[in-house]
Amino acid sequence: MNRMLGRSQISVSPLGLGCWAIGGKFTLDGLADGWGEVDERESMAGIHAALERGVNFFDTADVYGTGHSERVLGQALKGRRQEAVIATKFGYTYDESTKEVFTRHNVTADYVRSACERSLQRLDTDYIDVYQIHVGGLSLGEVESVIDTLNGLRQEGLIRAYGWSTWDVANAELFAQKSEAAAIQHVLNVLSDDKEMLALCERYGLASINNTPLAMGLLSGKFNHDSRFSDQDVRGSGHDWVSYFKDGKPVPSFLTKLEAVREILTSEDRTLVQGALAWIWGRSHAAIPIPGFKTRKQVEEITGAVAFGPLSNGQMNEIEELLGSL
């Protein structure tokens with residue numbers, strides 16, 4: 001069943017699709033930040049499969065493939081724009097010609113407006129449903145400035161709502177208090193809880209948009225101690241913020257935690273992926289997970305989780321006890 005996206009009047013499905021992986025190859029400060037080779041036809045088939053199954057929420061960013069993800073999403077939604085809710089992000093600088101993204105950011109009014117216009121063009125639409133700050137840490141002055149800019153874009157009809165992708169609870173609270181934001185995007189999965197951010201979203205009536213709900217694929221169950229990723233995949237890139245994989249290998253402690261809860265997550269004939277999403281729904285009524293995908297088959301499995309719904313309170317408590325003992 002659909003729900004309102006936080007403090008907006010936008011109706012969204014209980015889960016969305018994260019469109020980072022379909023951006024293809026690109027780099028962040030010289031290291032791979034994509035997910036390897038991607039087939040555009042499969043990407044679009046996955047988006048169509050989501051729409052067919054009632055999933056209408058798609059989250060991307062201007063830096064995913066330095067514009068490529070937005071273009072693929074826009075092409076897939078051609079003629080079906082009214083069926084979809086598009087969220088994208090801004091703030092990091094990039095060079096589209098070389099597919100390089102830089103950690104330096106820009107949230108000045110002029111830059112945000114130009115970033116919005118470029119995203120609108122790539123998405124082939126005249127409005128963005130949810131426009132999100134992509135830079136997790138900003139100064140107080142930057143926060144106040146960007147709120148003014150976002151309010152202006154909304155008044156002009158270029159965006160319908162806005163939010164912030166951040167790990168910083170204090171910043172998120174300031175944003176919630178000073179703005180008319182609809183959502184906070186943050187990491188949440190069964191291996192990485194975030195009680196403070198969830199509590200904040202619930203307190204202010206914000207949607208909690210959950211990225212990495214499958215722990216960068218670890219919760220698919222496809223990887224073990226012998227798995228290896230090349231340096232052309234973000235999971236083998238060497239970025240220090242990639243917490244679930246180090247030196248291209250799954251972190252052993254996370255594999256141990258996964259094995260501890262596997263039986264509960266796969267109860268009632270759920271796949272592991274579906275169980276991981278069920279945990280998120282059991283965690284908070286504000287939570288909207290946005291698992292990534294590269295193929296139609298993956299989307300079919302992801303969207304199949306909706307029919308099962310959340311884990312029970314008893315299962316949630318059992319998982320908390322099991323993970324707390326490790």
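Hi everyone, let's start with α8 (272–283), which is mostly covered: ten of its twelve residues are buried, where buried means under 20% relative accessible area, exposed over 50% and partly exposed in between, with a 1.4 Å probe and protein chains only. Helices (H or I, at least four residues) and strands (E, at least two) are DSSP runs, numbered from the N terminus.

A word on the model before we go on. It is a predicted one, where local features need pLDDT of at least 70 and side-chain atom pairs count only at pLDDT 80 or more, while totals for chains, interfaces and linings use all residues. Residues are numbered from 1 along each chain as its sequence is written, and side-chain values use heavy atoms, with hydrogens and water left out.

Back to α8. Among its buried residues are Leu272, Leu277, Trp279 and Trp281. So what covers them? The cover includes β13, α7, β16, α9 (296–303), α10 (305–308) and α11 (313–324), with contact taken as heavy atoms within 4.5 Å. The length of α8 works out too: at 1.5 Å a residue, its twelve residues should span 16 Å, and the end C-alpha atoms are 17 Å apart, which agrees. That expected span is 1.5 Å times one less than the number of residues.

Two of those covering elements, β13 and β16, bring us to the sheet. It is open, with eight strands in the order β3-β6-β7-β10-β11-β12-β13-β16 and parallel pairing; two strands pair if DSSP finds at least two bridges between them. At the edges stand β3 (16–18) and β16 (287–289), each with a single partner strand, so one side of each has no neighbour in the sheet. On average, neighbouring strands are turned by 25° against each other, direction ignored. For angles, axes are lines fitted to C-alpha atoms, for helices over the stretch in contact, and values run from 0 to 180 degrees between N-to-C directions.

β13 and β16 pair in the parallel sense over three bridges, and Asn210 has Pro289 in β16 as its bridge partner.

Two helices lie across β7, β10 and β11: α3 (109–123) runs at about 135° to β10, and α4 (140–155) runs at about 155° to β11.

Finally, some backbone angles. Most residues other than glycine have a negative phi. Thr212, in the loop between β13 and β14, has a positive phi near 45°. Glu268, in the loop between α7 and α8, has a positive phi near 60°. Is Glu268 buried or exposed? At 51% relative accessibility, Glu268 counts as exposed. Thanks, everyone!
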